[in-house]
Amino acid sequence: MLSFNVRGENIEVTEAIRAYVEKRLSKLNKYFEDAPDSIAHVNLKLYSNKNAKVEVTIPLPYLVLRAEETSPDLYASIDLVTDKLERQIRKYKTKINRKSREKGIKNFDLTGPSEGVQDAPIPEPAEPSDNFNIVRTKQVSLKPMDPEEAVLQMDMLGHNFFIFEDAETNGTSIVYRRRDGRYGLIETDE
């Protein structure tokens with residue numbers, strides 16, 4: 001069952017806004033029936049140009065769901081981000097269940113062991129300088145998966161690269177989005 005942590009930046013989160021967020025995101029509960037209690041972190045931002053941005057992150061034991069939308073209407077942004085999350089969940093479950101059927105395994109839910117993924121660090125924009133200051137450090141727990149699952153997780157998170165443990169070779173690998181829109185794979189020699 002989902003619980004909600006709703007924050008606002010440059011906007012006061014009223015009971016009406018909180019109720020609307022909870023009502024719209026509660027429709028995702030049907031995908032979390034077997035999941036442990038999960039928290040949907042919702043961040044609402046109002047910009048000076050009157051655009052509203054809604055970011056939702058739902059960390060799960062083996063999966064991190066994340067979506068964001070910006071529009072002139074806060075309520076429309078909430079609707080759009082909910083629809084985007086639902087599409088991500090359906091796409092991910094369909095792909096995992098298809099792979100499971102190929103391997104002769106029963107269907108998995110969003111917390112199943114075959115979906116082991118963690119959030120990969122997002123690189124900060126590099127500024128040309130003589131010294132290299134590390135401004136952020138992040139620990140990741142690598143979960144075994146195949147490169148296709150890693151690309152799917154990378155796309156769901158909106159990242160340009162994703163680090164994972166290759167289920168076949170047990171080595172650390174990286175998938176990344178190339179400038180031409182296709183994907184690359186870096187494998188380590190171990």
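Among contacts in the protein chain between residues at least 6 apart in sequence, what share joins residues at least 24 apart? The share is 45%. Keep in mind that this is a predicted model.

**Stop 1: the whole chain**

Select everything. Secondary structure in the protein chain comes to 3 helices and 8 strands. Trace the elements from the N terminus: they run β-α-β-β-β-α-β-α-β-β-β. The chain has 190 residues, and 38% of them count as buried. Its accessible surface comes to about 11,500 Å², with 49% belonging to carbon and sulfur atoms.

Now color by pLDDT. The mean for the protein chain is 79, and 81% of the residues reach 70 or more. Among the elements, α1 has the highest mean pLDDT, 93. Helix α2 (residues 74–103) has the lowest, 83. Next, select residues 113–129. Here pLDDT stays under 50. The model has 50 contacts beyond four places in sequence for this stretch.

**Stop 2: the sheet β1 to β4**

Select β1, β2, β3 and β4. These 4 strands form an open sheet, in the order β1-β2-β3-β4, with mixed pairing. Which strands stand at its edges? They are β1 (2–9) and β4 (63–71), and each pairs on one side only. From one strand to the next, the twist averages 15°.

Zoom in on β1 and β2 (residues 38–46). They pair in the parallel sense, over 8 bridges. Show E9 and you will find it opposite K45 in β2.

**Stop 3**

Hide the previous sheet and select β5, β6, β7 and β8. Again 4 strands form an open sheet; the order is β5-β6-β7-β8 and the pairing is mixed. Why is one side of β5 and of β8 left without a neighbour in the sheet? Both β5 (144–145) and β8 (183–187) stand at the edges with a single partner strand each, so one side of each has no neighbour there.

Walk across the sheet, pair by pair.

- β5 and β6: these pair in the parallel sense over 2 bridges. M145 stands opposite D166 in β6. The chain goes from β5 through α3 to β6, and this β-α-β crossover is right-handed.
- β6 and β7: these run antiparallel and are joined by 5 bridges. Show I163 and its bridge partner in β7, I174.
- β7 and β8: strand β7 (residues 172–177) runs antiparallel to β8, with 5 bridges joining them. V175 stands opposite L185 in β8.

Next, bring back the helix beside these strands. Helix α3 packs on the sheet, touching β5, β6 (161–166), β7 and β8. Its direction makes about 150° with that of β6.

**Stop 4: inside α3**

Stay on α3 and show its side chains. Is this helix largely enclosed or largely open? Of the 11 residues of α3 (residues 147–157), 8 are buried, so the rest of the structure largely encloses the helix. Select the buried ones: E149, A150, V151, L152, Q153, M154, M156 and L157. Then step just past the helix to G158, which takes a positive phi of about 75°.

**Stop 5: R66**

Bring everything back and select R66, which lies in strand β4. Is R66 buried, partly exposed or exposed? Its relative accessibility is 24%, so R66 counts as partly exposed; the cut-off for buried is under 20%.

R66 and L157 are 91 residues apart along the chain. Their C-alpha atoms are separated by 5.5 Å.

Which residues does R66 touch, not counting those up to four places away in sequence? Show E55, V56, T57, L85, Q88, M156 and L157. Two residues in that list, M156 and L157, are among the buried residues of α3. That ends the tour.

Notes:
Residues are numbered from 1 along each chain as its sequence is written. This is a predicted model: local features need pLDDT of at least 70, side-chain atom pairs count only at pLDDT 80 or more; totals for chains, interfaces and linings use all residues. Side-chain values use heavy atoms; hydrogens and water are left out. Buried means under 20% relative accessible area, exposed over 50%, partly exposed in between (1.4 Å probe, protein chains only). Two strands pair if DSSP finds at least two bridges between them. Contact means heavy atoms within 4.5 Å. Axes are lines fitted to C-alpha atoms, for helices over the stretch in contact, and angles run from 0 to 180 degrees between N-to-C directions. A crossover is right-handed if, with the strands pointing away from the viewer, the path from the first strand over the helix to the second runs clockwise. Accessible areas come from the Shrake-Rupley method with a 1.4 Å probe; for residues, only the protein chains shown count as cover. pLDDT is the predictor's confidence in each residue, from 0 to 100.
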